[in-house]
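Start with the structure below.

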Amino acid sequence: MSRTRLVALDVDGTLMSYDGVISTDVRTAVTALVDAGVHVVLATGRSVHSAVVVAHDLGLTHGWAVCSNGAVTARLDPEVEGGWAVARSVTFDAGPALRAIAMEIPDALFAVEDLGVGFLVSAHFPPGEMSGRVTVVPFDELTSAPATRVVIRAPQSTPEEFHEIVERVGLHEVSYAVGWSAWLDLTPGGVSKASALEEVRRDVGVEPYETLAVGDGENDVEMLRWAACGVAMGHATDVVRAAADEVTGAIEDDGVVEVLRRVLR
């Protein structure tokens, strides 16, 4: 742990509780790492406009943030308007995936990331689920432009049903993570938090053995395997735990805090 120089941290369920609270202990531990010269990188499924708000709230004003499950990497810089800029982004043709899912689930809700702004959506999502500026557009418009991130939401379906549909339609050209309440997140194929973090690692000149990552979701699996030390949160599923080198406490116990304190020791 004493040689760790880059710490990659998932946000929701790792740093932040599911009701949007970051504890004082988490804030103190993150600040101490930054003060010690450690590169603290948020690595999240959140879009950049939302991820940067969390970064700034934690006092992270310099460095990097990996967003949209690796499709977008932002450079944090207080000298830039808004305090950040997109350093890298990867897009894919979302049309085939959207049309395939629409045929299987006609009443599904669709959203395409409007980079740095919010989302273009087929219809309004349940309150509180979309961040930034949300604009309703025709379905054809959603399928026509390259996308960094696509969200598909089916209020009447289950995550298990989503898994079956994804397998049936064969979304081989995109990476996907099925979350709570039948939420399907699509990103460009071959892109993950791990692939973006590897580019950040090279940018900052950190050796592979000097990396650590903490996460709780299935979209963190590649990141936990990428890091020299991958730590799963205590409430993570067996799949996530199996990808990690160790397991810490759950989110309600601020499990990430002990890991960050160990880095300092």
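**Charged pairs and the fold around them**

Arg88 counts as partly exposed, because its relative accessibility is 24%. Keep in mind that this is a predicted model. What does the side chain of Arg88 meet in a salt bridge? The partner is Asp203, with N and O 2.9 Å apart. Arg88 sits in strand S5 (residues 84-89) and Asp203 in helix H6 (residues 193-204), so this pair ties together parts that are 115 residues apart in sequence. Asp203 is also partly exposed, at 41% relative accessibility.

A second pair joins two helices. Glu104 forms a salt bridge with Arg168, and their closest N and O atoms are 2.8 Å apart. Glu104 belongs to helix H3 (residues 95-104) and Arg168 to helix H5 (residues 159-169), so the bridge ties together parts that are 64 residues apart in sequence. Glu104 is partly exposed, with a relative accessible area of 33%. Arg168 counts as exposed because its relative accessibility is 51%, and the cut-off for exposed is over 50%.

Now return to helix H6. Here Glu198 and Arg201 meet in a salt bridge through their side chains, at 2.6 Å from N to O. The two residues are three apart in helix H6, so about one helical turn separates them. Is Arg201 buried or exposed? Arg201 counts as buried, at 11% relative accessibility.

Salt bridges can also link up. Asp10, Lys193 and Asp220 are joined in a network of them. Across the whole structure, a search finds 16 salt bridges. The protein carries 19 positive and 39 negative charges.

Next, look at two loops. Ser68 lies between strand S3 (63-67) and strand S4 (72-76). Its phi is positive, about 50°, although Ser68 is not a glycine. Most residues other than glycine have a negative phi. Ser68 is buried, with a relative accessible area of 0%. Asp254 is another non-glycine residue with a positive phi, here about 55°. Asp254 is found in the loop between strand S16 (246-247) and helix H9 (255-264). With a relative accessible area of 21%, Asp254 is partly exposed; buried would require under 20%.

Trp183 is placed in strand S13 (residues 183-188). At 9% relative accessibility, Trp183 counts as buried. Leu42 is 141 residues away from Trp183 along the chain, and their C-alpha atoms are separated by 22 Å.

Finally, step back to the whole protein. How many helices and strands does the protein have? There are nine helices and 16 strands. The radius of gyration is 18 Å, close to the 18 Å that the globule rule gives for 265 residues, so the protein is as compact as a globular protein of that length. The C-alpha trace spans about 55 × 40 × 30 Å along its principal axes. Buried residues make up 52% of the 265 residues. Among contacts with a separation of 6 or more, 55% involve residues 24 or more positions apart. The protein exposes about 11600 Å². Carbon and sulfur atoms supply 49% of that area.

Notes:
Residues numbered from 1 in each chain as written. Predicted model: local features only at pLDDT ≥ 70, side-chain atom pairs only at ≥ 80, totals over all residues. Heavy atoms only, no water. Helix = DSSP H or I, 4+ residues; strand = E, 2+ residues; numbered from the N terminus. Buried < 20%, exposed > 50% of the residue type's maximum accessible area, 1.4 Å probe, protein only. Salt bridge = Lys/Arg side-chain N within 4 Å of Asp/Glu carboxyl O. Rg over C-alpha atoms; globule rule 2.2 N^0.38 Å. Contact = heavy atoms within 4.5 Å. Areas by Shrake-Rupley, 256 points an atom, 1.4 Å probe, with all protein chains shown as cover. Lys, Arg positive; Asp, Glu negative; His and termini not counted. Charge placed at Lys NZ, Arg CZ, Asp CG, Glu CD.
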